[in-house]
Amino acid sequence: MEARVVRTVKKRQVLFLCVFLGVSWAGVEQLRYFVEEETERGTFLANLANDLGLGVGELSARGPRIVSDQNMPFLLLDPLTGHLLLNEKLDREELCGPTEPCVLPFQLLLEKALQIFRAELWVRDINDHSPVFLDREITLKILESTTPGAAFLLESAQDSDVGTNNLRNYTISPNAYFRITVHDSGEGIIYPELVLDRVLDREEVLELTLTLTALDGGSPARSGTALVRILVLDINDNIPEFVQSLYKVQVPENSPVGSLVVTVSARDLDTGSNGEIVYAFFYATERILKTFQINPTSGNLHLKAALNYEEMQTYTLTIQAKDGGGLSGKCTVMVQVTDINDNPPELLMSSFTSPIKENSPETVVAVFRIRDRDSGNNAKTVCSIPDDLPFVLKPSIENYYTLVTESPLDREKRVEYNITITVTDMGTPRLKTQHNITVLVSDVNDNAPAFTQASYTLRVRENNSPALHIGTVSATDTDAGANAQVTYSLLPPADPHVPLASLVSINADNGHLFALRSLDYEALRAFEFRVGAADRGSPPLSSQALVRVLVEDDNDNAPFVLYPLQNTSAPCTELLPRAAEPGYLVTKVVAVDGDAGQNAWLSYQLLKATEPGLFGVWAHNGEVRTARLLSERDAARHRLLVLVKDNGEPPLSASVTLHVLLVDGFSQPHLPPPEAEAEAAAAAPADPLTVYLVVALASVSSLFLFSVLVFVAVRLCGRGGAARAGRCSVPEGPFPGHLVDVSGTGTLSHSYQYQVRLRGDLGTSEFKFLKPIIPNLASQSIGREVEEYPSYRNDSSFR
């Protein structure tokens, strides 16, 4: 059957905006659609996009949804076309019963942006039910003395259809005694009455059988029949009469089954069987017969089944009192069911969104409505959620609520929220319903990786093997998924001269740092660089940390002797006056060590000497001093082998050979060592200029020696400073003449000054020895220097 669909709009258009706490309600007049029952599934009803003035694409984009109270999908919306279709066959009698009109309310919910439209589907009745008599045979006992015009009320037929399709007329089969009349009860129910037209004569007719036909108003009309059996009785001239023609009673819906509702009472003035009264239902519907039962003797009306205010609020019962002679009287019992708070509120979820992105502004999480099937205060509800959650409930019209975020959510603080929505009615006792939902918070890349330390200090010993793991940097990201995956990298150095790419590398996945080549403490003692940690979010976030690498020293450098020089063609010779006292400073071995720390602590040791016991070497500063007074028996030339050793593990060492020449005075020319004599013999004759210089030096030395002797005699202490002069071969090249002040371990005491002037272009050298600046303090100054400059104990650098 093709559906006839009509959309009615009472006004042309009334459009207004109703914004109530975040929910928009459509201001278009309520939409109304009509469909006949038993219409085939899939029948087109209307185009909602056209009715709402929306484009088809706009309607689909806004997420339309059909919501109804019946909790059954009787309508289907095609979001692509906007067509509203019938989803199943509808049976008006099953949906609405005798209620007319049969209206099925529903709502159109648009989720984006949230908007609700109210609509109704009116189900029209079709004539698909025939009138039915509950009793297929009706028996009437009529006294023969009954006068014409007497009317006998017959049982009414029932028709499930409504309106014009409902019961409309009764007919009786043709006969000579009776006709049928129809009466309206005032409640839309018609009753047939059998009217006597002619006096009965029991002797002529003992029994009549007639056919009663009930007709509805459908097109074509449907009918139902019942047999009316009429028994002609002897006279019984009193009918039962009820004490009240109308009984009204209120019964709570929670009354137990079997409880007494009301007692009806009738009386009959006749005697014998004509005065015995039997109570029974007259014109009782199937619902009444299932709900109530009456005691035929006492007239007590009891509950046969539980009452439900939400299904039926009022029952109208007709009770007949019939005597033994077949006469009957009737009364009406009106039972009003009173409501009690026996239905907890219901929460009907219309829309729910999860997960919710963190840091989002106010977001609608859920849209739902509350329904309570009770009435009055029992149907009033209060909706709430816990106060310690960042969500808020916003009420709307028609018992709709929206659950929205009160503030932006932070996934790093809380990943999910378990929300309990509590709905409580205002009845007595109060009933409540709880609905639990879980809202997940999805991650946004809002946290940069964080290093466990702002700076890292790594130590690596020099001479390491390449690709050595020297340390690890670590960063964590409190985000999740790809937003928490950290990648490490080396950042370009601030100093472009630092070859960072050839020094270290980093594992991008775990932050392990590796030395790419062997490091040399003497070349590079420390360097620093920055590492970056970036996540894989979009856009990626990053952070930096400073890494400082300290190269630790290894004892890989032997001591190096600066003085006396060992790589010249002629060795240095030190002059020692025979008048020198014990402790006389002969010379000082100056050495350095390229290492650091205790690896550079140098100690000096005399390994071998021409005259053991004559000389001694101070272990900490390398000063070579006389150990006793010189005698005439001591050889003129001495050779000393001094060992310089560091304090590393294992220790490294170097040796140096000293040549000492004993002289009676500084005017006496010194004797060359054997090696020098051999070289001189092989050399060409001396330059005349050299001879002149030697003579001049001898004269100056004699004058200086005389001055020293005079000074010693004046001081009467015999302790004068002695001078020494030496001739050393040095690498060729001009050197400016100046006073050289060297101090500390491995150097001469600052109490002595030498003026050296070397001229490589003349092939000759001048060496002038001056007396101590502070007389008699030469020996004391050595110990004082160690105390004033303690760093010289650990550092042998020649400054």
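Where does Val691 lie? Val691 is in helix α7, residues 688-715. Helices here are DSSP runs of H or I with at least four residues, strands are runs of E with at least two, and both are numbered from the N terminus.

Before going on, the basis of the values. This is a predicted model, in which local features need pLDDT of at least 70 and side-chain atom pairs count only at pLDDT 80 or more, while totals for chains, interfaces and linings use all residues. Residues are numbered from 1 along each chain as its sequence is written, and side-chain values use heavy atoms, with hydrogens and water left out.

Back to Val691. Together with Tyr692 and Val695, Val691 makes a nonpolar surface patch of about 310 Å². A patch takes residues with over 30% relative accessible area and no salt bridge; like charges are joined within 9 Å, and nonpolar side chains (Val, Leu, Ile, Met, Phe, Trp, Tyr) within 5 Å. Areas come from the Shrake-Rupley method with a 1.4 Å probe, and for residues only the protein chains shown count as cover. Val691 has a relative accessibility of 42%, which counts as partly exposed. The classes are buried under 20% relative accessible area, exposed over 50%, and partly exposed in between, with a 1.4 Å probe and protein chains only.

Now the whole chain. It has eight helices and 54 strands. Of its 799 residues, 40% count as buried. Taking contacts (heavy atoms within 4.5 Å) between residues at least 6 apart in sequence, 68% join residues at least 24 apart.

Next, salt bridges, defined as a side-chain nitrogen of Lys or Arg within 4 Å of a carboxyl oxygen of Asp or Glu. The structure holds 18 of them.

One is Arg65 with Glu111, at 2.6 Å from N to O. Arg65 sits in strand β5 (64-68) and Glu111 in the loop between β8 (102-110) and β9 (115-124), so distant parts of the chain, 46 residues apart, are linked. Relative accessible areas are 34% for Arg65 and 28% for Glu111, and each residue is partly exposed.

Another is Arg179 with Asp197, at 2.8 Å, N to O. Because Arg179 is in strand β13 (178-184) and Asp197 in the loop between β14 (190-196) and β15 (207-216), this pair ties together parts 18 residues apart in sequence. Arg179 is partly exposed at 39%, and Asp197 is partly exposed at 39%.

Then there is Glu346 with Arg371, at 3.0 Å, N to O. Glu346 belongs to strand β26 (346-352) and Arg371 to strand β28 (364-371), so parts 25 residues apart in sequence are tied together. Is Arg371 buried or exposed? Arg371 counts as buried, at 12% relative accessibility, while Glu346 is partly exposed at 23%. Shared partners join Glu346, Arg371 and Arg373 into one salt-bridge network.

Last, backbone geometry. Most residues other than glycine have a negative phi, and most peptide bonds are trans. Ser354 and Pro355 are joined by a cis peptide bond, omega about 5 degrees; Pro355 is in the loop between β26 and β27 (356-357). The bond from Tyr563 to Pro564 is also cis, omega near 0 degrees, with Pro564 in the loop between β43 (560-563) and β44 (573-577).

Glu398 is not a glycine, yet has a positive phi of about 55 degrees. Its relative accessibility is 46%, partly exposed.
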